Amino acid sequence: MSVNDSDTGIPMTTCPACSNLVPSEEYCGACGAHLASNSPGRHTAYAADPSEHMFHLSAVSTLFPHLPHRRSAPFRLALLVAGGLLVVLGIARLTGPAIALAAIAVPVLYVLYLWEVEVYEDEPVTVTALTFVLGILLGIPWAWFTGPIVTATLLGTVIAGPQPGKVLLAGVVFPLAAQVLMLLGPLFLFFYRRRYDEALDGFTFGAASALGFTLATTFVNLWPELRLGLVTNADPATHTLTVLERGLLNPFLAASTTGLIAGALWLRRGKVRSLAAHGWTTTLWTSILVAAVVWVVLGLVNVSVLSTGVAVGAYLLLTMAMLLWVRVALHHMLLAEAVEVQVGPMEPCFHCHRIEPRMAFCPHCGIATRATPKTGTGRLRRAFR
Ligand SMILES: [Zn+2]
Ligand SMILES: [Zn+2]
């Protein structure tokens with residue numbers, strides 16, 4: 001039964017999921033549940049972009065969670081153009097431009113995303129650039145040191161059969177150590193920049209650090225190809241698959257796993273509520289386990305599979321699985337972060353533009369307020385810290 005709020009006159013209703021008295025609209029502004037269908041998990045409406053399903057395969061709305069849906073088209077187009085250019089350069093067997101584009105395409109898009117949504121307008125340089133640059137600085141020596149060992153292990157496996165000690169080192173220890181290195185920048189911020197307390201803060205720092213790392217490792221790992229001349233002798237299909245893997249799949253994977261772990265870490269910094277279902281998808285240990293499995297599988301592929309097609313196929317499958325998993329985890333993290341029940345002032349929603357009472361979720365479109373830019377319309381007054 002609906003009643004009107006005595007102060008604002010807004011029609012109110014009791015949410016069947018959280019039992020709070022909330023504005024009577026499409027979504028519960030307190031817990032994010034879809035009111036009409038009484039769905040606390042509302043999997044058809046991703047918390048960072050309710051116009052998409054939680055299981056929607058999209059690199060843009062997954063890795064750029066603060067980006068409003070209406071401003072995502074240029075980013076989708078840019079990714080398509082980058083992918084198309086990598087294919088053209090791969091088929092043409094041009095090494096230099098292909099390597100340069102593979103190294104910088106996704107990191108540059110990420111910087112443009114941060115600039116576009118002004119996630120951290122108040123502290124832009126120190127926060128995100130720090131993790132990004134640290135990722136680059138760690139990636140250079142790492143790739144220089146491990147690259148030749150991984151290649152030698154692969155050749156040894158193919159010629160003389162697998163040698164357990166070497167496979168364990170290059171296929172298991174190296175990828176796990178690389179994941180730890182990608183987390184160092186976010187960990188530094190976790191301990192020395194305590195003012196950030198949202199899961200998506202951690203995700204942003206993790207993704208930035210990982211993209212700095214993959215930028216460096218791509219350059220260093222592919223550098224030997226450059227020394228052989230402007231045009232490679234490699235088969236065009238092999239070269240194309242290699243630059244697509246290094247230019248798109250590897251950065252997506254690194255940003256996903258590192259962002260996921262950092263997001264789970266930051267989630268515990270602020271207040272969280274326990275979810276009735278799927279709460280396990282948000283835990284730090286689940287995130288670490290998922291990331292470790294992904295990197296060990298790929299590490300073993302790197303040191304045992306000679307066929308570029310098969311190896312890139314494995315990267316593609318795991319990238320798609322990781323992008324979907326990150327959405328599941330971020331969706332539930334955003335639901336778990338909705339702790340305080342407060343019907344705030346009427347302000348335009350950053351996502352749907354309707355004038356709505358400011359709450360943890362927009363009562364009209366269901367977007368999590370924490371998935372909108374901190375400096376965006378309606379988020380200037382941070383009632384939910
Ligand atoms: Zn509710
Ligand atoms: Zn809205």
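**Note on the predicted model: salt bridges, zinc sites and the domain contact**

1. Arg370 and Glu198 pair through their side chains in a salt bridge, with 4.0 Å from N to O. Arg370 sits in the segment after β5 and Glu198 in the loop between α5 (164-192) and α6 (199-227), so this pair ties together parts that are 172 residues apart in sequence. The model is a predicted one, and the distances and areas in this note should be read accordingly.

2. On the domain division: domain 1 is made of 1-40 + 340-385, and domain 2 of 59-336. The centres of domain 1 and domain 2, taken over C-alpha atoms, are separated by 35 Å. To the contact, domain 1 gives 18 residues and domain 2 gives 21 residues.

3. The area buried between domain 1 and domain 2 comes to about 1500 Å². Carbon and sulfur atoms give 48% of that area. How many salt bridges does the rule find across the interface of domain 1 and domain 2? There are 2 salt bridges across it.

4. In the structure as a whole there are 9 salt bridges. One of them joins the side chains of Glu52 and Arg327, at 3.1 Å from N to O. Glu52 lies in the loop between β3 (21-23) and α1 (59-63), whereas Arg327 lies in helix α9 (residues 308-336), so the bridge ties together parts that are 275 residues apart in sequence. Both Glu52 and Arg327 are buried.

5. Helix α9 also holds Val328. With a relative accessibility of 7%, Val328 counts as buried. Once its neighbours within four places in sequence are left aside, Val328 is in contact with Met54, Phe55 and Thr281. Val328 and His56 are 272 residues apart in sequence, and their C-alpha atoms are 9.9 Å apart in space.

6. A further salt bridge is formed by the side chains of Arg354 and Glu356, at 3.2 Å from N to O. Arg354 is partly exposed, with a relative accessible area of 38%, whereas Glu356 counts as buried at 3% relative accessibility. Through salt bridges that share partners, Glu25, Arg354 and Glu356 are joined into one network.

7. Next, the metal sites. Cys18 counts as partly exposed at 23% relative accessibility, and Cys31 counts as buried at 4%.

8. The zinc ion (ligand 2) is coordinated by the SG atoms of Cys349, Cys352, Cys362 and Cys365, at 2.3 Å. The donors of this ion follow the spacing C-x2-C-x9-C-x2-C along the chain. Cys349, in the loop between β4 (346-348) and β5 (355-357), and Cys365, in the segment after β5, are 16 residues apart and link distant parts of the chain. Cys349 is buried, with a relative accessible area of 3%, and Cys365 is buried at 12%.

9. For reference, the ideal angle for four tetrahedral donors at a metal is 109.5 degrees.

Definitions and conventions:
Residues numbered from 1 in each chain as written. Chains lettered and ligands numbered in written order. Predicted model: local features only at pLDDT ≥ 70, side-chain atom pairs only at ≥ 80, totals over all residues. Heavy atoms only, no water. Donors = N, O, S within 2.8 Å, 3.2 Å for Na, K, Ca; no water. Helix = DSSP H or I, 4+ residues; strand = E, 2+ residues; numbered from the N terminus. Buried < 20%, exposed > 50% of the residue type's maximum accessible area, 1.4 Å probe, protein only. Domains from an automatic or database assignment. Contact = heavy atoms within 4.5 Å. Buried area = accessible area lost by both parts, 1.4 Å probe.
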